[in-house]
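Notebook open, structure loaded. I want to go through the sheet, then the sulfurs, then the rings.

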Amino acid sequence: MRKESAVLLLAGLGLAGCVPPPAAAPPATALPPPTSYTPVGLEAVLGATAASLVAQFGPPDLDLREGPARKLQFLGPACVLDAYLYPPRGGRGEPIVTHIDARLPDGREMDRSSCVAALSRRREAR
């Protein structure tokens, strides 16, 4: 029996050498830096009232209200601009634009200041 045990032990050790080494982990890929938004080129929009936006872009294509918040959407051939208006701090006064989003007509992201410029040109062409 000892001989059989020794043979089995040696066979097992021989097979253990046939096991491939563990797969190496793929190299870590660097994540792209988060998108930073700057107000450059948005001075005429951020802090503006609804009346100011209408004067700049024409009537909105969508006007939604929910409580004190308001969303105005302006569509153009180059982009879609969503302007979000909220009352100033303290809750008194006319709502102003505190945030904007811009996208291409197919839904992909677009530079916000480029969209503002494109919509401003659309208004000037009228």
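Sheet first. I find an open sheet of four strands in the order S1-S2-S3-S4, with antiparallel pairing. This is a predicted model, where local features need pLDDT of at least 70, side-chain atom pairs count only at pLDDT 80 or more, and totals for chains, interfaces and linings use all residues. Residues are numbered from 1 along each chain as its sequence is written, and side-chain values use heavy atoms, with hydrogens and water left out.

My terms: helices (H or I, at least four residues) and strands (E, at least two) are DSSP runs numbered from the N terminus, and two strands pair if DSSP finds at least two bridges between them.

Which are the edge strands? I get S1 (62-66) and S4 (96-103), each of which pairs on one side only. From one strand to the next, the twist averages 15°. Axes here are lines fitted to C-alpha atoms, for helices over the stretch in contact, with angles from 0 to 180 degrees between N-to-C directions.

Zooming in on one pairing, I see S1 and S2 (residues 69-75) joined in the antiparallel sense over five bridges. Leu-62 stands opposite Gln-73 in S2.

Next, the helix on the sheet. H2 (residues 50-57) lies across S2, S3 (80-86) and S4, and runs at about 0° to S2. Contact means heavy atoms within 4.5 Å.

Rings now. I find one aromatic pair in the structure. The ring centres of Phe-57 and Phe-74 are 5.1 Å apart and their planes are at 55°, so I log the pair as tilted. The rule: rings of Phe, Tyr and Trp (its six-membered ring) pair with centres within 6.5 Å, and planes under 30 degrees apart are stacked, over 60 edge-to-face, the rest tilted. Phe-57 sits in helix H2 and Phe-74 in strand S2, 17 residues apart, so this pair links distant parts of the chain.

Buried means under 20% relative accessible area, exposed over 50%, partly exposed in between (1.4 Å probe, protein chains only).

Last, sulfurs. My search of the whole structure turns up one disulfide, meaning a pair of cysteine sulfur atoms within 2.5 Å. Cys-79 and Cys-115 form it, with sulfurs 2.1 Å apart. Cys-79 is in the loop between S2 and S3, while Cys-115 is in helix H3 (residues 112-125), 36 residues apart. The S-S torsion is about 90°, so the disulfide is right-handed. Cys-79 is buried at 1% relative accessibility, and Cys-115 is buried at 0%.
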